[in-house]
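Reader: Hello! Could you walk me through this structure and tell me what stands behind the terms you use?

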Amino acid sequence: MTSAPSTSGRKRTAILVSGRGSNMTALLSAAADPAYPADIVAVIANVPDAPALDKARAAGIEALAVSHRGQGGRQAFEEKLDAELRNRNVDLVCLAGFMRILTPWFVERWHDRLLNIHPALLPAFKGLDTHARALAEGCRLHGATVHFVRPEMDAGPIIAQGAVAVLDEDTPATLGARVLEVEHRIYPQALALVAADAFEIDGMRVRLKSGADAAQAPLIAPKG
């Protein structure tokens, strides 16, 4: 299928998922407001039975699977994924629990249009098991980061971060639950900033454009 470009001025956005899609749900909720600058036009999963697909359909969003299995390799899968995105005239892509490491080929094709959320205060704790690692290292603050994707894992200019205090009685599960609340708050804010084209990138820093509304800056204070 081929979709017509948006005439509303909102950036056509796709969300890539692999599982339940809690961050996807937060983005869909924000985008339900017609004043929000991003329009979620598709949710794509690499796992055909991902629960997020049913949630997206229930919200009236086109949802489809592009399985990474049986495609003949990573780039062959990504070429098919890229074609589905381009057929829908997608402007921005949000990774929301998408459990695939993307190749430089795909990342460069979507340079500065591909966002990810990571459950740690990057550049600390790249990779998996971030909550357990933060506890093991004795961190007093932990949190989440939204960033532009680069070919290196969990790297790229940081758009937004949110922090929570690490409590003495925390376990990875309790800490992770509070960080997830932060994720659901900062991802819609970061996408809004990007979709409104209110940013500029300076090296690894994302700045508010001169003259942009300061209220668009997704600055999140630490919370307990």
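**Terms and what backs them**

Author: Let me start with charge: the protein chain carries 24 positive and 25 negative side chains, with the centres of the two sets 2 Å apart. Lys and Arg count as positive and Asp and Glu as negative, while His and the chain ends are not counted. Each charge is placed at NZ of Lys, CZ of Arg, CG of Asp or CD of Glu. This is a predicted model, where local features need pLDDT of at least 70, side-chain atom pairs count only at pLDDT 80 or more, and totals for chains, interfaces and linings use all residues. Residues are numbered from 1 along each chain as its sequence is written, and side-chain values use heavy atoms, leaving out hydrogens and water.

Reader: What makes the radius of gyration agree with a compact globule?

Author: The rule is 2.2 Å times the number of residues to the power 0.38, with the radius taken over C-alpha atoms. For 224 residues a compact globule would come near 17 Å, and the protein chain has 17 Å, so the two agree.

Reader: Why are both faces of strand β4 called covered?

Author: Buried means under 20% relative accessible area (exposed is over 50%, partly exposed in between; 1.4 Å probe, protein chains only). In β4, residues 92-95, L92 and C94 on one side and V93 and L95 on the other are all buried.

Reader: How do you know which strands pair with β4?

Author: Pairing needs at least two bridges found by DSSP. Strand β1 (residues 11-17) has four with β4, in the parallel sense, and L16 stands opposite L95. Strand β5 (residues 114-118) has three with β4, also parallel, and there V93 stands opposite L114.

Conventions. Helix = DSSP H or I, 4+ residues; strand = E, 2+ residues; numbered from the N terminus.
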